[in-house]
Amino acid sequence: MQIEPIEIVLKKEEYLVSKWLTSSFLVDSEEFENFVSEMGDFFLYQTGRLVSRLSPVSHKSWEENYLINPEPLLMTYDPKDVYAFEARPGQYILYPRYPVIQVREHQFMWTSDDRIQTMVFGKDSIRWGLIFSYPQIFYDSKEKKIVQVFKERDSPNTVGFKKLQKWVRDFTKPAQFLRNGKKINATFRIGKNSSCKTA
């Protein structure tokens, strides 16, 4: 893959998106390698913290660390979708300029009445793979127009997120838990090579 340089700016840009679609799953290392391979030629950039290097995260590194040390990432098929804000000399924070697939660690927690609350972080939360998010609506501040990005068939990141959704349907299943004698189905998923009956 040819890697385009990330543009460095001194002022943060406006990024207005809405109506997020999400997909979350926990799979084993072999399944995750298959997922990364099936997703094609994409780029991963660290976000949410200061970095000194603007090069993308390697696919191999992501495969090796996705369960050990998951971190917020911007996933895109075009590096021009991402820019670097120079927060201090030689230190940058990377942000999306156009809609990208955002990747974070997924966690959930059980409530006292045996309901599942996702993306709740705390000492009792349970780590459960990754959650991928993609917006359906984007306001293009340069063109001054609203874009229904999820309907754009030629958008590489839209194509990528739809490919992700298909992979999740084909290679994972709803996570099911046995909780106080009751079977509870979650909205998030688990690899078909894995099983989870208790939490």
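This is a predicted model: local features need pLDDT of at least 70, side-chain atom pairs count only at pLDDT 80 or more; totals for chains, interfaces and linings use all residues.
One part of the model is an open sheet of three strands, arranged in the order β1-β5-β6 with mixed pairing. The edges of this sheet are formed by β1 (7–9) and β6 (91–96). Each of these two edge strands has a single partner strand, so one side of each is left without a neighbour in the sheet. On average, and with direction ignored, neighbouring strands of the sheet are turned by 35° against each other. In general, the strands of a sheet pair through backbone hydrogen bonds, and the pairing is either parallel or antiparallel. Between strand β5 (residues 82–88) and β6 the pairing is antiparallel and runs over six bridges. Within this pairing, alanine 84 has leucine 94 in β6 as its bridge partner.

Salt bridges were searched for in the whole structure, and seven were found. One of them joins arginine 97 to glutamate 7, with 3.1 Å between the closest N and O atoms. Arginine 97 is located in the loop between β6 and β7, whereas glutamate 7 belongs to strand β1, so this pair ties together parts of the chain that are 90 residues apart in sequence. Arginine 97 has a relative accessible area of 10%; because this value is under 20%, the residue counts as buried. Glutamate 7, in contrast, is partly exposed, at 44% relative accessibility.

Arginine 97 also takes part in a salt bridge with glutamate 13, where the N to O distance is 2.6 Å. Glutamate 13 is found in the loop between β1 and β2, and arginine 97 in the loop between β6 and β7, so the two residues connect parts that are 84 residues apart in sequence. The relative accessible area of glutamate 13 is 27%, and this residue is therefore partly exposed.

A further salt bridge is formed by arginine 49 and glutamate 71, whose closest N and O atoms are 3.4 Å apart. Here, too, distant parts of the chain are linked: arginine 49 is in the loop between β3 (43–46) and α2 (59–65), glutamate 71 is in the loop between α2 and β4 (73–76), and the two are 22 residues apart. Both residues of the pair are partly exposed, arginine 49 at 39% relative accessibility and glutamate 71 with a relative accessible area of 23%. Through shared partners, salt bridges join Glu7, Glu13 and Arg97 into one network.

The packing of two helices was also examined. Helix α1 (residues 29–38) packs with helix α3 (residues 156–171) at an angle of about 150°, and their axes are 10 Å apart. Angles over 145 degrees count as roughly antiparallel, and α1 and α3 are therefore described in this way. The crossing in which α1 passes α3 is right-handed. On the α1 side the contact is made by Glu31, Asn34, Phe35 and Glu38, and on the α3 side by Lys163, Leu164, Trp167 and Phe171.

Two residues were noted for their backbone angles. Most residues other than glycine have a negative phi. Lysine 19, which is not a glycine, has a positive phi near 55°. This lysine 19 is part of strand β2 (residues 16–26). Its side of the comparison with solvent is clear: lysine 19 has a relative accessible area of 54%, and because this is over 50%, lysine 19 counts as exposed. Asparagine 180 likewise shows a positive phi, of about 50°, without being a glycine. Asparagine 180 is placed in the loop between β11 (172–179) and β12 (182–191). With a relative accessible area of 64%, asparagine 180 is exposed.

Histidine 106 is buried, and its relative accessible area is 1%. When residues up to four places away in sequence are not counted, histidine 106 touches Ser24, Thr118, Met119, Ile126, Arg127, Trp128, Gly129, Leu130, Ile131 and Phe188.

Note on methods: Residues are numbered from 1 along each chain as its sequence is written. Side-chain values use heavy atoms; hydrogens and water are left out. Buried means under 20% relative accessible area, exposed over 50%, partly exposed in between (1.4 Å probe, protein chains only). Contact means heavy atoms within 4.5 Å. Helices (H or I, at least four residues) and strands (E, at least two) are DSSP runs, numbered from the N terminus. Two strands pair if DSSP finds at least two bridges between them. Axes are lines fitted to C-alpha atoms, for helices over the stretch in contact, and angles run from 0 to 180 degrees between N-to-C directions. A salt bridge is a side-chain nitrogen of Lys or Arg within 4 Å of a carboxyl oxygen of Asp or Glu. Angles under 35 degrees count as roughly parallel, over 145 as roughly antiparallel, 65 to 115 as roughly perpendicular and the rest as oblique. A crossing is left-handed if the near helix is turned anticlockwise from the far one by less than a right angle, and right-handed if clockwise.
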